[in-house]
Amino acid sequence: MIGVTTMTTLDAGIDQITAEVVRSAMETVCFEMATHVSRTATTPILNQSNERNATILDASGRLAALSVGIPQFMLSSTLPVQYALELFGPDLVPGDVIVANDPYHGGGHLPDFNIFAPVFDDAGELLLIASIQCHHGDTGGAMAGGYNVFAKDIWSEGTRYPALKIIDGGKERQDVVALMRANNRLPGFIGDLRSQVSAAQLGVSRLQDIATLHGADAIRATVEWSINETRRRMQAE
């Protein structure tokens with residue numbers, strides 16, 4: 001424990017108790033986001049199968065916390081966020097929510113939709129990203145269900161969304177919703193999508209509460225501590 005305390009003080013500038021409290025709070029937010037989808041989604045593949053996972057990422061798109069769900073979503077949640085950060089950059093504003101499902105920009109396969117929203121500190125700097133990933137029942141394409149064994153390219157599999165602002169500054173973009181509705185066979189698709197959107201918005205609200213309670217600097221230090229501690233434990237193992 002002495003080694004851990006020393007590393008925490010030097011590498012992250014935060015005491016281990018505070019870091020554990022903040023990290024546990026963020027993990028609770030992830031669990032709440034995932035549970036929100038299970039209770040509000042409109043189709044069984046989201047509200048019963050539990051093929052979903054919630055994550056929190058830092059301003060660089062590094063994994064900071066997650067819920068227990070589909071392990072592969074740990075990776076496929078980070079890369080689309082990193083792409084969106086490069087694509088939108090300073091154009092991200094409070095109230096934004098982004099949707100992505102493109103495997104060529106770090107996602108899983110096309111049915112795995114990642115929806116995420118930024119959290120800003122009091123100075124207007126990007127602090128965290130609240131993200132929720134879910135498997136959907138259809139993606140358009142040549143065959144229903146999102147699986148086309150006869151496909152010779154990804155265009156036959158379904159529609160790709162590298163990164164779209166479905167909520168822009170707190171206002172839903174009807175053009176994006178219409179586009180996505182037109183490229184999906186399931187009538188409940190938009191309901192499921194909005195379930196994810198509201199889960200991401202819930203995550204933003206909860207994370208802002210944590211930032212108000214502990215401060216943005218403590219959250220940033222906790223992320224650094226958590227990554228360093230994970231690395232130390234993996235190397236030891």
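**Note on strand pairing and helix packing**

1. Strand E3 (residues 97-100) pairs with strand E6 (residues 164-168) in the antiparallel sense over 3 bridges; strands are DSSP runs (E) of at least two residues and helices (H or I) of at least four, numbered from the N terminus, and pairing requires at least two DSSP bridges. Val-99 has Leu-164 in E6 as its bridge partner.

2. The model is predicted: local features need pLDDT of at least 70, side-chain atom pairs count only at pLDDT 80 or more, and totals for chains, interfaces and linings use all residues. Residues are numbered from 1 along each chain as its sequence is written, and side-chain values use heavy atoms, with hydrogens and water left out.

3. E6 is also joined by 2 bridges to strand E7 (residues 171-172), and these two run antiparallel. Ile-167 has Glu-172 in E7 as its bridge partner. The hairpin of E6 and E7 has 2 residues between the strands, and Gly-169 there takes a positive phi near 60°.

4. In helix H6 (residues 174-182), Val-176, Val-177 and Met-180 are the buried residues (buried: under 20% relative accessible area; exposed: over 50%; partly exposed in between; 1.4 Å probe, protein chains only). They cover an arc of only 100° around the axis, which puts them on the same side of H6; the arc is that of the directions from the helix axis to the C-beta atoms. Gln-174 and Ala-182, on the other side of H6, are exposed.

5. The buried residues of H6 pack against E3, strand E4 (112-120), E6, E7 and H7, where contact means heavy atoms within 4.5 Å.
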